[in-house]
Amino acid sequence: MAQTADSISSFVPIVASGVSFVSGLLVAYFSGWVAKKNRQVERATDALQIQLNEFYGPLRALLAENSQIYEEFGPGRFQGRTATTANSRGETWNSLKETVLVPNLKSIRILIQNNWIRSDIAEKRHLRDLMLHCIAFCEYDKAPNEMYQKFKYKKEWVESIERDIALLKEKLGE
Amino acid sequence: MSNSIYWFQQMIRDKIDHTKIGEQMLRFKMYGEEKTVYLPFTDEYEINSDVILKVSKLGANILVFPTSWCRATREAIDYGRTLGVEVMPVGAFMAKYAS
């Protein structure tokens, strides 16, 4: 009986050290898993932040500038004026098109192309249509054609982009 | 909305003997042939096939547009040819009829 008690008591430290070893391993594994998860979350957050800052931010700014110029100086402003005023307004519009609008559209096209995968553009009709508009406008400006009607700028694209931005901010907890 | 006829008339005043017809057209004779010119309104800043059809119905055979605020589509120029409406910028008109 005393011998059994002796052999049990000699096992206790072994079992205890075994348990502590296993629990140590579990703790190490768990903290490694938590750290990995944290890194994944961090990377995903960084990717969202990059999308917001490097794609949607510049895109929204370029679109805002073009929309404002169109509203202030675009063809809609020629109406109700004398032919002489229309003439000078037309020249201002042509100059702004050449110096601001067309370069902005070219930048938008490059932005969309460069962020095609990151921003999942294949799944976003409004961004694909916007890219086509950029190409069509530049072509139309060089040689006006009626095909352009299909690719004219649509105000609802901005609303869709705003929704994309809001969704990204929501994911970022902003 | 306004038209460009006054401004255009100033340009051709001493070069072409013409008569104003209605609000946006004028007529002149060149080499025994009568020509009717249509000047677009400012809201017709884009000369497309619809504008050409309207011009043709009005009986004009030349559409002159100022390049500063007006553009003509390729289709409109081609459609104009089929309807007998010559679409040209002011500069081209001046070179052809007023030089």
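Guide: Here is a short tour of the terms and the values behind them. This is a predicted model, where local features need pLDDT of at least 70, side-chain atom pairs count only at pLDDT 80 or more, and totals for chains, interfaces and linings use all residues. Residues are numbered from 1 along each chain as its sequence is written, while chains are lettered from A and ligands numbered from 1 in the order in which they are written.

Visitor: What makes chain A α-α-α-α?

Guide: Chain A has 4 helices and 0 strands. Helices here are DSSP runs of H or I with at least four residues, strands are E runs of at least two, and both are numbered from the N terminus. Read along the sequence, that gives α-α-α-α.

Visitor: How does the radius of gyration of chain A compare with that of a compact globule?

Guide: Chain A has 31 Å, whereas a compact globule of 174 residues would be near 16 Å. The radius is taken over C-alpha atoms, and the globule rule is 2.2 Å times the number of residues to the power 0.38. Along the principal axes, the C-alpha atoms of chain A fill a box of roughly 120 × 25 × 25 Å.

Visitor: Why is H2(B) called roughly parallel to H3(B)?

Guide: Helix H2 (residues 49-58) and helix H3 (residues 74-83) of chain B pack at about 25°, with axes 8 Å apart. Angles under 35 degrees count as roughly parallel, over 145 as roughly antiparallel, 65 to 115 as roughly perpendicular and the rest as oblique. The angle of H2(B) and H3(B) therefore makes them roughly parallel. The axes are lines fitted to C-alpha atoms, for helices over the stretch in contact, with angles from 0 to 180 degrees between N-to-C directions.

Visitor: Which residues of H2(B) and H3(B) meet?

Guide: Ser49(B), Val51(B), Ile52(B) and Ser56(B) in H2(B) meet residues of H3(B) including Tyr79(B) and Leu83(B). Contact means C-beta atoms, placed from the backbone, within 7 Å.

Visitor: What makes E1 and E7 of chain B edge strands?

Guide: An open sheet of 5 strands in chain B runs E1-E2-E3-E5-E7, with mixed pairing. E1 (18-21) and E7 (86-89) each have a single partner strand, so one side of each is left without a neighbour in the sheet. Strands pair if DSSP finds at least two bridges between them.

Visitor: How do you know that E1(B) and E2(B) pair?

Guide: E1(B) and strand E2 (residues 25-30) of chain B share 4 bridges, in the antiparallel sense. Within this pair, Ile21(B) stands opposite Met25(B) in E2(B).

Note on methods
Contact = placed C-beta atoms within 7 Å.
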